Amino acid sequence: MDHAKNNGMTNFWESYFTLFRERSDLLLNSFWEHLQLSLISLLIAIAIAVPLGILLTRYNRYSEWIIGIAAVLQTIPSLALLGFLVLLVGIGTTPAIIALTAYALLPILRNTYTGIREVETPIVEAARGMGMSSYRSLIKVELPLAMPTVMAGIRTSMVLIVGTATLAALVGGGGLGQIIMTGIQRTSNEYILFGALPAALLAISLDLILRLLERGPKSKKRASYKPMISVTAIALVIVLIPPVLSFFREDQADLVIGGKMGPEPPILANMYKLLIEEETDLNVEVVAPLGTTSVNFNALEVGDVDIYPEFSGTVLADLLNQEEFSYDERESYEQARDGIMEATGDYFLEPMGFQNTYALAIPKDRAEELAIESISDLAPHSNDLKVGFTFEFMDREDGYAGFEDVYGFDFANVTSIDVSTRYQAISNGSIELSDVFSTDPQLVEYEMVVLEDDQTLFPPYQAAPLVSGSTMDEYPELEGILNQLAGIGTVDEISELNYRVDINDENPLDVARDFLQQQGLLN
């Protein structure tokens, strides 16, 4: 047993260092983005929280209210805050910076207020006795003496920001979270460590640098602003490098194509990009994977994304909230196309040939043990099975919300999990049954059995480009270009593409190009 474990660890570290050699460019780029996000958010938090903390020492009666509001900001779930901000400010670094700043305010604000308030009264009175005004007493005596406490708050916020910034990838903000999310999605511990280890080292390093900056003045046994000035100066230099470099670049994209989590949406998004750039002079940027359905749709509605791959079933159930829809492929597609046009003015173009519908899957050995082939066969085991359904599936009428009405039973032990963790949960035995997508490459890797939907719970899920109305008005030629994909791609072909990206770690752009060339759509 020990020998097997040692071999497993050896293989793990060999895979890790191979990944390090082959994807060092990805790591460096993500690390730089992560550092930028963290420092920009820290600077904004310092600019808000330090002056506000000082003001509260002069207007003490408002302190509990203001600090309480900052505390409430920290209680908002980060994913919920990011999803809400996308609707207000779009995707990218902006919502990530706003969320990170909100989370960083409390430690700096509270420590600034506490540090100044805890300056001994005789010292303050002595300063006043020497003729100093309140302002001069603050600048010359109170704030310098409070600086170690203020810096402690900044260090706490810095560590908090670096850790939370991994979620920025869900809204297109970049950073090391991209690598971690990829690892979770692919159930790859090597990838997870590839992103998580640099994030942890970055937090430790920044904390160490801040401590060293404090040590100088402390060794001289006198209060000083030098730590704060040094932190601000270093952060500003790093933050201002990209804007200066971007001044010399003219590569602004004409169109932005989004795509949800998972290997398939980035592949489809890159197909759209290649076809558009093949037949027009437009410069197209792909921002995928980009969070969930709500993140992509909100980004489309606010104009940060022009196109993203969507599925007819998702349009009907999630975007239009329709409970009654056809189970005929063409009828359900036309229902989705006409409904989204009427509701938002967006264009749902012609669908591809494959279905990526929801399904329920169970490990093969467990299915054989219980003699389960269809969803109805689960009924006698509904109190015993450990079930994990994704958040989106739990809330859908064509998911678990409508399951009991169609099949006449429900499960006693259901856990809600994120879509990126379901195969990990299955692999370690935490759950035995989960919702999956019919083209998931992990179905083969983990020897899963897809159960027959014998009572027809799941409607057709046909993939097609969802294009914003304003984009189509500006570039009407997109309809003809993207409709070249209509009817193309079988379930097996798309599963193979997903396998190349998700398991073999190939670039979605290269995989999309190969497919289009095989189909004769690209030179």
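Which residues does Arg-337 touch, not counting residues up to four places away in sequence? Point 2 below takes this up, after a few words on the model.

1. **The model and its overall build.** This is a predicted model, in which local features need pLDDT of at least 70 and side-chain atom pairs count only at pLDDT 80 or more, while totals for chains, interfaces and linings use all residues. Numbering starts from 1 along each chain as its sequence is written, and side-chain values use heavy atoms, with hydrogens and water left out. The protein has 23 helices and 10 strands; these are DSSP runs numbered from the N terminus, helices being H or I with at least four residues and strands E with at least two. Its C-alpha trace spans about 85 × 60 × 50 Å along the principal axes. Of the 523 residues, 51% are buried (buried is under 20% relative accessible area, exposed is over 50%, and partly exposed lies in between, with a 1.4 Å probe and protein chains only). Taking contacts with a separation of 6 or more, 77% join residues 24 or more positions apart, where contact means heavy atoms within 4.5 Å.

2. **Arg-337 and Arg-330.** Back to the opening question: with residues up to four places away in sequence set aside, Arg-337 touches Arg-330, Phe-348 and Glu-350. Beyond its neighbours within four places, Arg-330 is in contact with Arg-337, Glu-350 and Pro-351. Arg-337 and Ala-464 are 127 residues apart along the chain, with their C-alpha atoms separated by 9.8 Å. For Arg-330 and Gly-131, which are 199 residues apart along the chain, the C-alpha separation is 85 Å.

3. **The H6 and H7 pair.** The axes of helix H6 (residues 121-129) and helix H7 (residues 134-164) come within 10 Å and cross at roughly 145°. Axes here are lines fitted to C-alpha atoms, for helices over the stretch in contact, and angles run from 0 to 180 degrees between N-to-C directions. From H6, Ile-123, Val-124, Ala-127 and Arg-128 meet Ser-134, Ser-137, Val-141, Glu-142 and Leu-145 of H7.

4. **A bridge from H2 to H7.** Glu-142 also takes part in a salt bridge, its side chain meeting that of Arg-58 at 3.1 Å, N to O. Since Arg-58 lies in helix H2 (residues 24-58) and Glu-142 in helix H7, the pair ties together parts that are 84 residues apart in sequence. Glu-142 is buried, with a relative accessible area of 5%, whereas Arg-58 is partly exposed at 30%. A search of the whole structure finds 15 salt bridges, each defined as a side-chain nitrogen of Lys or Arg within 4 Å of a carboxyl oxygen of Asp or Glu.

5. **Bridges within a helix.** Asp-207 and Arg-211 form a salt bridge at 3.0 Å, N to O. Both are in helix H9 (residues 189-219), and because they are 4 residues apart, about one helical turn separates them. Asp-207 counts as buried at 18% relative accessibility, while Arg-211 is partly exposed at 42%. Together with Arg-155, Asp-207 and Arg-211 are linked in a network of salt bridges. In helix H23 (residues 508-518), Arg-513 and Asp-510 are 3 residues apart, again about one helical turn. Their salt bridge has its closest N and O atoms 3.3 Å apart. Arg-513 is partly exposed at 27%, and so is Asp-510 at 35%.

6. **A nonpolar surface patch.** Phe-84, Leu-87, Leu-88, Val-89, Ile-98 and Val-302 make a nonpolar surface patch of about 510 Å². Patches are made of residues with over 30% relative accessible area and no salt bridge; like charges are joined within 9 Å, and nonpolar side chains (Val, Leu, Ile, Met, Phe, Trp, Tyr) within 5 Å. Helix H4 (residues 78-89) gives the most to this patch, with 4 residues. Leu-87 is found in H4 and counts as partly exposed at 44% relative accessibility. The accessible surface of the protein comes to about 24,200 Å², of which 55% belongs to carbon and sulfur atoms; accessible areas come from the Shrake-Rupley method with a 1.4 Å probe, and for residues only the protein chains shown count as cover.
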